[in-house]
Amino acid sequence: MVGSSKLGRAVLAAEDEVEAFEAVKQLLFPNKARLKDRDIRDVRHVHTALKYHADILVTRDGYRKQREAFRAVFPMDLLTPEEALAVVRERIADTREAQQLGQTHWLPRWAPGA
């Protein structure tokens with residue numbers, strides 16, 4: 001399948017990537033028949049994050065409303081910056097707790113209290 005990038009260059013994609021892109025588009029904008037350039041850019045960002053196996057995508061865009069339906073199809077959460085910060089803090093706390101139990105886990109030096 002051949003499409004075009006934002007700069008008008010040709011992009012060659014495997015059929016499964018095209019299907020995933022279309023699924024993302026349908027989940028983020030279920031009631032829109034025609035998407036604006038900004039909407040297509042949003043779909044590209046989300047699709048790229050999925051392609052590279054991101055756990056979460058941090059966004060303030062309105063399509064967070066569709067995140068439950070999105071999560072049912074794709075293994076990635078759409079979170080606000082505040083929600084993402086809470087996830088990071090929880091993961092740091094879990095890592096610290098595991099270290100206290102004698103397990104070896106890496107804890108980044110930038111983590112609060114590290």
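## The whole chain first

Start with a surface view: the protein exposes about 8500 Å², and carbon and sulfur atoms supply 53% of it (Shrake-Rupley areas with a 1.4 Å probe; for residues, only the protein chains shown count as cover). Bear in mind that this is a predicted model, where local features need pLDDT of at least 70 and side-chain atom pairs count only at pLDDT 80 or more, while totals for chains, interfaces and linings use all residues. Residues are numbered from 1 along each chain as its sequence is written, and side-chain values use heavy atoms, with hydrogens and water left out.

Now colour by secondary structure. You get 4 helices and 4 strands, in the order β-β-α-α-β-α-β-α along the sequence. These are DSSP runs numbered from the N terminus: helices are H or I with at least four residues, strands E with at least two. Of the 114 residues in the protein, 28% are buried, where buried means under 20% relative accessible area, exposed over 50%, and partly exposed in between (1.4 Å probe, protein chains only).

## Select 15-28: helix α1

## Step into the loop: Phe 29

Phe 29 sits in the loop between α1 and α2. Is Phe 29 buried or exposed? At 12% relative accessibility, Phe 29 counts as buried. Leaving out residues up to four places away in sequence, Phe 29 touches Leu 35, Asp 39, Asp 42, Val 43 and Tyr 63.

## Select 37-51: helix α2

Helix α2 has 15 residues and reaches 21 Å from first C-alpha to last, close to the 21 Å expected at 1.5 Å a residue. Its buried residues are Asp 39, Asp 42, Val 43, Val 46, His 47, Ala 49 and Leu 50. Look down the axis of α2: the buried residues fall within an arc of 160°, so they line one face of the helix (the arc is that of the directions from the helix axis to the C-beta atoms). Covering them are, among others, α1, β3 (56-58) and α3 (67-73). Just after α2, click His 53, which takes a positive phi of about 60°.

## Into the core

The largest nonpolar core has 16 residues, and those with the most contacts inside it are Val 24, Leu 28, Val 46, Phe 70 and Met 76. Here a nonpolar core is a set of buried Ala, Val, Leu, Ile, Met, Phe, Trp, Tyr and Cys residues joined through side-chain atoms within 4.5 Å. Both α1 and α2 supply at least two residues each to this core. Centre on Val 46: neighbours within four places aside, Val 46 is in contact with Val 24, Leu 28, Leu 57, Tyr 63, Phe 70 and Met 76.

## Last stop: two rings

The structure holds 1 aromatic pair. The rings of Phe 70 and Phe 74 have centres 5.2 Å apart and planes at 40°, so the pair is tilted. Rings of Phe, Tyr and Trp (its six-membered ring) pair if their centres lie within 6.5 Å; planes under 30 degrees apart count as stacked, over 60 as edge-to-face, and the rest as tilted. Phe 70 is buried at a relative accessible area of 0%, and Phe 74, at 13% relative accessibility, also counts as buried.

Key:
Expected span 1.5 Å × (residues − 1). Contact = heavy atoms within 4.5 Å.
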